[in-house]
Amino acid sequence: MVLEKLGSSLRNAVSKIMGKSVIDEAAVNEFVREVQRSLIEADVDVKLVLEISRRIKERALKESPPPGFSRRDLAVKILYEELTNLLGRKPAEIPMESKKTNVIMMVGIEGSGKTTTVAKLAFWLSKRFGKVGIISADVMRPASKLQIEQLVGPDIPVFSKESKDPVEIMREGIEFFKRERYNFVIIDTAGRHKDESSLMSELDAYREIGPDLVILTIDGTIGQAAYAQARAFAEKVPVGGVIVTKLDGAAKGGGALSAVAASGAPILFIGTGERVDDLERFDPERFVSRLLGGGDIIELAMRIEEAFKESRLMERMSKGKFDLEDFREYIQQLGKAGPMEKLLEMVPGIGGRVQLDVNSGEMDRWIAIINSMTPEERRDPSLIRGSRIERIARGSGVTAKEVRKLLKSYHQAKKLIESMSSESKARRLFRRMGIGG
Ligand SMILES: Nc1nc2c(ncn2[C@@H]2O[C@H](COP(=O)(O)OP(=O)(O)OP(=O)(O)O)[C@@H](O)[C@H]2O)c(=O)[nH]1
């Protein structure tokens with residue numbers, strides 16, 4: 001597994017804190033110290049480590065867990081979130097247009113694993129998105145064509161020609177694959193750099209060819225030095241994504257990944273071996289959850305987040321506050337908890353009179369309708385009148401009648417909530433609904 005050592009020492013920290021009966025300041029300090037040690041051993045930049053440990057400590061001591069969860073659970077969720085942020089949070093997308101030949105140019109310094117990665121990416125794309133061709137434009141090392149062919153096998157064609165001019169090879173290759181209606185072309189460039197300051201050939205090729213996406217390969221074993229390399233390339237050519245290679249067993253892998261993320265370059269994939277299928281999509285959340293021991297952590301984090309949202313909603317409602325953002329949250333919560341009428345049926349004297357008569361398909365549409373409104377409208381629904389209703393309906397693909405129905409239900413619910421906004425009434429209500437204590 002990738003970054004085995006980092007994973008096992010973080011899991012160790014997690015299982016230690018999970019085994020504690022009381023989570024006081026000393027327990028949090030110990031947890032943070034262990035996380036710190038694990039990250040430093042994985043070569044993560046000391047400044048980043050100090051920042052992340054300060055945040056974990058502060059949040060673990062300050063934030064209160066939502067009803068039904070312990071401070072232990074919360075500490076693990078905070079670790080999960082902070083590590084995910086460190087690695088860039090959301091997975092980066094590969095831009096792709098279905099009706100054209102998408103051109104990807106691969107750049108990177110010598111020995112970074114660029115040629116191998118071209119083959120891996122071609123293999124990955126061809127399994128998912130149709131026909132993929134490769135252009136081998138590494139004029140300094142003509143043998144790289146053979147290297148790619150051996151890796152990808154006969155199904156993925158590799159274009160090259162004898163020439164000293166890489167741009168000429170690229171142009172002809174692109175023409176060839178366009179004629180044949182390929183979905184993707186990946187160009188392997190020469191990349192002879194002793195250091196990252198001599199990147200002129202990439203820049204020239206980029207200007208001449210105008211690829212749809214430039215991907216940079218960075219050797220994961222260089223650790224924190226990945227930061228400077230990612231920055232240097234990104235200053236010269238618009239790098240749309242990075243592939244960090246050789247992360248199988250790399251002691252410095254944590255350093256490389258966090259350094260690339262800190263440089264602002266999105267990580268698309270990681271290379272985890274020498275074979276053509278040793279390429280993994282990089283999704284920070286999944287990656288961190290695997291480091292910490294699997295899907296349970298994501299589930300725990302999600303459950304806590306839900307519980308937080310519930311208690312925030314409860315607090316606002318108990319003060320008589322209820323805008324369309326709350327209504328959306330409320331629809332989402334009830335969508336999970338059960339029938340929509342739950343809240344209203346629970347209210348003495350009102351049950352049966354005010355019905356939110358929606359099925360689950362309708363619920364999704366209602367959420368889409370609310371998403372089509374502007375934030376100002378959601379906060380102040382009185383702004384939604386006349387032509388705005390038509391516009392919102394068009395934006396969310398429903399009829400104006402349905403938007404009006406939603407607004408009517410919202411106003412009924414709001415009235416109800418205002419009428420029982422005294423704290424004790426609300427508490428009683430929520431206890432009956434089974435949320436909050
Ligand atoms: N373990 C491991 N080795 C890798 C990975 N990616 C590439 N390599 C190896 O790293 C070495 C260099 O890879 P190449 O693809 O030839 O590197 P390059 O950047 O194209 O190098 P030049 O063509 O010389 O510029 C090869 O031995 C690859 O097998 C990886 O993810 N894991």
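## An annotated stretch

Let's start with a label from a database. The unreviewed UniProt entry places the annotation "domain: SRP54-type proteins GTP-binding" on residues 266-279. What does the chain look like there? In this predicted model, residues 266-279 are 43% strand and 0% helix.

## The largest core

Now look inside the protein. The largest nonpolar core is made up of 95 residues. Which residues have the most contacts inside it? They are Ala122, Ile186, Val242 and Val260. Helix α4, spanning residues 71-86, gives this core its largest share, with eight residues. Both domain 1 (4-90) and domain 2 (102-282) supply at least three residues each to the core.

Leaving aside residues up to four places away in sequence, Val260 touches Ile218, Ala226, Ala230, Val242, Val244, Ala265 and Ile267. One of these partners, Val242, is also among the residues with the most contacts inside the core.

## How confident is the prediction?

Across the protein chain, the average pLDDT is 83, and 86% of the residues score at least 70. For the model, ipTM is 0.96 and pTM is 0.74.

Where does pLDDT stay under 50? That happens over residues 344-355. For this stretch, the model has 18 contacts beyond four places in sequence.

Methods:
Residues are numbered from 1 along each chain as its sequence is written. This is a predicted model: local features need pLDDT of at least 70, side-chain atom pairs count only at pLDDT 80 or more; totals for chains, interfaces and linings use all residues. A nonpolar core is a set of buried Ala, Val, Leu, Ile, Met, Phe, Trp, Tyr and Cys residues joined through C-beta atoms within 7 Å. A residue is buried if 20 or more other C-beta atoms lie within 10 Å of its own, exposed if 12 or fewer, and partly exposed in between; C-beta atoms are placed from the backbone. Helices (H or I, at least four residues) and strands (E, at least two) are DSSP runs, numbered from the N terminus. Domain bounds come from an automatic or database domain assignment. Two residues are in contact if their C-beta atoms, placed from the backbone, lie within 7 Å. pLDDT is the predictor's confidence in each residue, from 0 to 100. UniProt positions are given in the numbering used here, feature names are shortened, and annotations may be inferred rather than shown by experiment.
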